[in-house]
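Trainee: I've got a model open and I'd like to learn how to read helix packing. Can you walk me through it?

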Amino acid sequence: MKEQDVFVIADNVLTPLGKTTDENFAKLKQNVSAVKQHADSGISPQSFFASLFNKDEVFIKNGHRYTKFEQLLIASVDDAIKQGGIDAKDKKTILIISSTKGNIGLLETEENSAQLQKRIALSTSAKLIAEYFGFVNKPVIISNACISGVLGIITGMRLLRSGQYETAIIIGADVISEFILSGFQSFQALSPQVCKPFDKSRDGLNLGEGAGTIILSTQKKHSQNIKVLGGSVSNDANHISGPSRTGEELAYAIDKSLHDADLKPRDIDFISAHGTATVYNDEMEASAIALSGLQSVPLNSLKGYYGHTLGAAGLIESIISIQSLKDELLLPTYGFQEAGVTKQVNVCASMQEIKANHFLKTASGFGGCNAAVVFGK
């Protein structure tokens, strides 16, 4: 039996660059980065480079009941639902929420208690979001380090293919707190400047805040839209924080996602890489891409524009790449000048007009998790 086609019918990107996908893409075409130096003693005793919202930014009206994390989710979903004309109360609609850390920052401001433990739980946030919009189905929560956003898309695709649902709303968000920043500082993983993915002088990542929403549907009236064609996940089983030394496991996920999409490496027109700008991630990812026979395919990383938005990264970067596919315009890798990985890959250093039908999105994260998803016209 042929599996059902899964179409992208609406999306939203909410970051310090803009509150809609169009606003964000316009800024990216102007080569504007949201990553700046911040001095915020509430997060870090030292200044740091990151992409952060203004402290007085308002995301939803009368949002005092919700944390900043939840307000981001609500604002992003609200914009996408209005675009897609979606009825949250439809039994054939499922909500999927992706996040790496959720409300973990509450540990810094509230006294630890059973009540706080419940408030921090992602299930509490999911319930609040579902109630806000009136979703009738229990939400699905995805929290698998930095592949959470891509894994959310793959999960949505699989649930729709199963015929259990006709519409999947996948939302991802994370906010930066002292807990998160200090964790990356302890790994010495943060760059003291704007990050440089795949560059010879790369020296770490920047963190970022943001949310992304993508709405998928199997309804045939959307048959002219971009499709989610296939996806797969794998694990290095190598180290809790260090990626594979060979890239074989990410390559496995890439190969399986291409097989799922019924495509060959030659069919991929560009790659939206994870590209964190840490020494080991970029090296592993370049090795995986070469192992998959994609070393000549143009690729970019958007981390120099947004920083690493954790659970939102896979969604934000997929949505921006969908926009690239529609506009046939490949964005450059901000900060990249000279290749610094041992396996040759085709890093895009300037904006390119391209004839494109398909792209691949990759992601990797702590615990050795990897994910790949393919989109196409």
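Predicted model: local features only at pLDDT ≥ 70, side-chain atom pairs only at ≥ 80, totals over all residues.

Trainee: Which residues of H1 and H11 meet?

Mentor: From H1 you have Thr21, Asp22, Asn24, Phe25, Leu28 and Lys29, and they meet Ile319, Ile320, Gln323, Ser324 and Asp327 of H11. By class, the contact of H1 with H11 has four nonpolar, four polar and three charged residues.

Trainee: Let me try another pair. At what angle do the axes of H2 and H5 cross?

Mentor: Roughly 35°, for helix H2 (residues 68–84) and helix H5 (residues 122–133), and their axes come within 10 Å. The handedness is worth noting too: this crossing is right-handed.

Trainee: And which residues make the contact of H2 and H5?

Mentor: H2 brings Phe69, Glu70, Leu73, Ile74, Val77, Asp78 and Ile81, while H5 brings Leu122, Ser125, Leu128, Ile129, Tyr132 and Phe133. Sorted by class, the contact of H2 with H5 has 10 nonpolar residues, one polar and two charged.

Trainee: Let's zoom out. How many helices and strands are there in the protein?

Mentor: The protein has 11 helices and 16 strands. Its radius of gyration is 19 Å, close to the 21 Å that the globule rule gives for 377 residues, so the protein is as compact as a globular protein of that length. The C-alpha trace spans about 55 × 50 × 40 Å along its principal axes, and buried residues make up 60% of the 377.

Trainee: Can we end on a single residue? Where does Ser241 lie?

Mentor: Ser241 is in the loop between strand E9 (227–235) and helix H8 (248–260). With a relative accessible area of 24%, Ser241 is partly exposed. Leaving out residues up to four places away in sequence, Ser241 touches Phe187 and Phe366. Check Gly368 as well: Ser241 and Gly368 are 127 residues apart along the chain, yet their C-alpha atoms are separated by 7.2 Å.

How values were computed
Residues numbered from 1 in each chain as written. Heavy atoms only, no water. Axes fitted to C-alpha atoms, helices over the stretch in contact; angles between N-to-C directions. Helix = DSSP H or I, 4+ residues; strand = E, 2+ residues; numbered from the N terminus. Left-handed = near helix turned anticlockwise from the far one by under 90°. Contact = heavy atoms within 4.5 Å. Nonpolar A, V, L, I, M, F, W, Y, C, P; charged D, E, K, R; others polar. Rg over C-alpha atoms; globule rule 2.2 N^0.38 Å. Buried < 20%, exposed > 50% of the residue type's maximum accessible area, 1.4 Å probe, protein only.
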